[in-house]
Amino acid sequence: RDFCLSRGLGDVYKRQVYYQNKDFKAMERTLKDLITLYPKPQYWVQLGAVYNELGKPEKELSVIETAYDQGLLEKESHVVSFAQAMLSQEVPYKAAQVLIKGMKANVVEESGKNLSLLGDALMIAKEYDEAIQVMAQAAGETQAGKDFYKLAQIHTERQEWKKALKNVKQALTDETFKKQDDALILKGLI
């Protein structure tokens, strides 16, 4: 037991040194040891981040999903990162379900930013009815052109031209909106 305890503490310090030196392969080994000895949520999330740094998104998603399935992702940032990892690996429906569950459990705040991410997941999953409700709520909260533009895209997909035009016009009123040209093209197509 003392050997394991001292080994675990040594691994914690090694992890910090490896991180400072950006030695992600060594950090991967150390985090695997730490997870075996002390399955703390932070080690699972860090191992996922290491796989991201190593260019292994499938392993990243697998590690984070394992932690999620074990109920170890208790922080909003962890749940949101998990949903983003699923979206990057083209698993939008499950990403949406994770966000919805997190919001219902009051782990994930129903902020404009999180609602926009949920709307993206629903839109990509082609769950248009839900996506419209969520994106409308997100756009109402953020008043961001990007959210109105996404809403316009959903309405366009459903051939709801008047609603699409209304939202694309609203998107164009946001001077900070970076896809003005895309919005103008969409407006011209409507």
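Ten of the 13 residues of helix α9 are buried (under 20% relative accessible area, with exposed meaning over 50% and partly exposed in between, for a 1.4 Å probe and protein chains only), so this helix is largely enclosed by the rest of the structure. The model is predicted: local features need pLDDT of at least 70, side-chain atom pairs count only at pLDDT 80 or more, and totals for chains, interfaces and linings use all residues. Residues are numbered from 1 along each chain as its sequence is written, and side-chain values use heavy atoms, with hydrogens and water left out.

**Helix α9 and its surroundings**

Let's take a look at the helix itself. Helices here are DSSP runs of H or I with at least four residues, while strands are runs of E with at least two, numbered from the N terminus. Helix α9 covers residues 145–157 and reaches 18 Å from its first C-alpha to its last, close to the 18 Å expected at 1.5 Å a residue; that expected span is 1.5 Å times one less than the number of residues. Among its buried residues are F148, Y149, L151 and I154, and the charged D147 and K150 are included as well. After α9 comes Q159, whose phi is positive, near 60°.

**Salt bridges**

A salt bridge is a side-chain nitrogen of Lys or Arg within 4 Å of a carboxyl oxygen of Asp or Glu.

| Pair | Closest N and O atoms |
|---|---|
| E65 and K94 | 2.2 Å |
| D147 and K150 | 4.0 Å |
| R158 and E160 | 3.1 Å |

The E65 and K94 salt bridge, at 2.2 Å, links distant parts of the chain: E65 belongs to helix α4 (residues 57–69) and K94 to helix α6 (residues 92–104), 29 residues apart. E65 is partly exposed, at a relative accessible area of 22%, and K94 is also partly exposed, at 32%.

Back in α9, why are D147 and K150 separated by about one helical turn? They are three residues apart in the helix, which accounts for that spacing. D147 is buried at 0% relative accessibility, and K150 is buried at 13%. These two residues are also linked with D120 and K146 in a network of salt bridges.

As for R158, the partner of E160, its relative accessibility of 32% makes it partly exposed.
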